[in-house]
Amino acid sequence: MEANGLIYTHEELDAEYDKLQAIAEKKGASTWQMRVKQQTPHCKFGEDGVCCRICSMGPCRITKKAPRGICGCDAHGIVGRNYLKFTAGGSATHSDHGREIAHTLYCASPDGAYHVKDEAKLLSIAKRWGIETEGKDIYDVAHEVAFAGLSEYGKVFGYQNWIKDASPERQKTWEEQEIAPRAVDREVSHALHMTHMGCSSLPEALIRQSLRCGLADGWGGSMTGTQFSDVLFGTPMPIDTEANLGVIKKDYVNIIVHGHDPSLSEMIVEYAENKELVALAHEVGAKGINIAGVCCTSNEVAMRHGIPMAGNFLQQENIVLTGAIEAVVVDVQCIFPALGPLSKCFHTKFITTNDAARIPDSDFIRFEAETAAENAYKIVKEAVENFKNRDQEAVYIPDLKTKATAGYSCEAIIKQLDTVTNSQVDVTGTYQPLVDCITSGVLRGAVAMVGCNNPKVRSDRGHIDLMKKLLANDIVLVLSGCSAQAAARYGLMSKDAKAICGDGLKRVCTLADIPPVLHMGSCVDISRMMNLVCDVAVQWGIDTPQLPVVGCAPEWMSEKAVSIGNYVVATGIDTFLGVVPYVNGSEEVKELLTNGIRDWVGAAFTYETDMEKLGDLMIERIEEKRLALGI
Ligand code: MSK
């Protein structure tokens, strides 16, 4: 079933997903929908952030009758510490992803598994980092840049190299506020030092370090992940792809790549075309090998190869429930441990590959940059050989498929804008056409919509209903992570989706030949959005908080998302969340996050669980900013 008209309705998609739930029940398999019921209601102490487990005198839980823990810490200190720990978890995770990519770049060689695809980007980074390139082999430059990138994690003095790419105003603000990110590992370690028993309990200090630790992610580890991935695998440019469960092919060996690190998925994509393995697939009765993605790995391979997007975070179990998957190959982050027992209900092999994500009931095949080719060959071969174990009678693939265009890196956006430049002044290769569209009011502003999906919000509805509302109000959207995949599955990432936009946005989409919802990549690629806002602000001659731009994560769920929120806000972008972090137990911490930090960085968080209101608040904020600019 192609989308009815242009865009699927919630009901059309739910009807198909319900059929997969029925299969799960019949098989006796557990799904997140069932486990949510078992886990609800959630622990109120945990939800409010007032449970403290950082020493063995407790756990202490704060109530009106017991306002302090055994050490004397009050709710504000406990909530603030928990918030900082959450941030540190996210910052460490994203940054370790970046470190892996830097290591992959260090392993690149002309005759090895990994190559330098974007030489211009590599040379530009080298130049900005003061690395001599004249007369050097490109791989020697790659190794020097990779070494410098790896050294950023433990640099002894100074701030992250990448912050020099931020606007001068932002750099000044970060230094003045003492939140400019130093070594990535230092910021994470310092956060964990601060939250140790007997250290910080002052909310202001804990939230300040949360911003700094977040910045070490966004303008440190994540930026390394994004930029070095582009050097290795190519800077994304617009590319057509497809989305939803209908991309799984009944007569093919289906391999799902899931997680985040493109070092793995790039090699799986390459080996799916290996002649020997394709011949083997034919031998076992399949028509070929089909790769599809889940979560951010899906974004990585969609934007560089057009590999279809099977689903996002809360779709991962549905994919196995189709009964048509030979292997789910995972690396790190956002992988349900439930995939272990679930895959055992089918013939599916659940293949883990990374020491950071060891999961029961999986087959572990270690994947390393040094042995990437042989590891990838082995993984794809195992999947192909598993095809003969599939019960074709039990396969149910929902007939749901949409068209999408992915791959709007900053470079791609500028290139696309160049096609519509009709100004008298030569503005080629800049964001000036975008600034002109916003100042003239043809576009009211932009929203960076990102993040996961979360059963606390009816899955994907937060994203989709908000997107439709914003598009109708002439607000252009840049998307990443599972938000991007929600849009793709509903048909909003197709150029035809301009039909539901306001007149101004519709005109811009027609002239620039873009969808109204621009896919910018995976969750580490929110760093691209930070480059975008800083560069637009510089082009405009204003500071980032003045831009009629806001961030939004309506259904976020992970520690990484909290780290992201902190660096987005610290970059001067007001951020709207549809799920409240565990801070309700402290008015002081909540006040700081939703208001107080505005004095430090010019932006703050808004929490609102009613999606209709959340959308209204974003539009209101964008209009306030326009008014303040006099446009
Ligand atoms: S995969 S962090 S569920 S966006 Fe990056 Fe999706 Fe959120 Fe994971």
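## How two helices meet

At what angle do the axes of helix α18 and helix α25 cross? In this predicted model, the axes of α18 (residues 461-472) and α25 (residues 611-629) cross at roughly 40 degrees and come within 10 Å. Angles under 35 degrees would count as roughly parallel and those from 65 to 115 as roughly perpendicular, so α18 and α25 are described as oblique to each other. Their crossing is right-handed.

Which residues make the contact? On the α18 side they are Gly 462, Leu 466, Lys 469 and Leu 470. Facing them from α25 are Met 611, Glu 612, Leu 614, Gly 615, Asp 616, Met 618 and Ile 619. Sorted by class, this contact between α18 and α25 brings together six nonpolar, two polar and three charged residues.

Asp 460 is a residue other than glycine with a positive phi, near 75 degrees.

Arg 461, in helix α18, forms a salt bridge with Asp 14, and their closest N and O atoms are 2.5 Å apart. Asp 14 belongs to helix α1 (residues 10-27), so the pair links distant parts of the chain, 447 residues apart. Side chains of opposite charge can pair when their charged atoms come close. Across the whole structure, a search finds 39 salt bridges.

## Around the ligand

Which residues come nearest to the ligand? They are His 260, Cys 296, Cys 334, Cys 482 and Cys 523, out of 13 residues around the ligand. By class, the shell holds eight nonpolar residues, four polar ones and one charged one.

## Two cis peptide bonds

Pro 59 lies in another loop, between β1 (51-52) and β2 (60-61). Here the bond from Gly 58 to Pro 59 is cis, again with omega near 0 degrees.

How values were computed. Residues numbered from 1 in each chain as written. Predicted model: local features only at pLDDT ≥ 70, side-chain atom pairs only at ≥ 80, totals over all residues. Heavy atoms only, no water. Axes fitted to C-alpha atoms, helices over the stretch in contact; angles between N-to-C directions. Helix = DSSP H or I, 4+ residues; strand = E, 2+ residues; numbered from the N terminus. Parallel < 35°, antiparallel > 145°, perpendicular 65-115°, else oblique. Left-handed = near helix turned anticlockwise from the far one by under 90°. Contact = heavy atoms within 4.5 Å. Nonpolar A, V, L, I, M, F, W, Y, C, P; charged D, E, K, R; others polar. Near = heavy atom within 4 Å. Salt bridge = Lys/Arg side-chain N within 4 Å of Asp/Glu carboxyl O.
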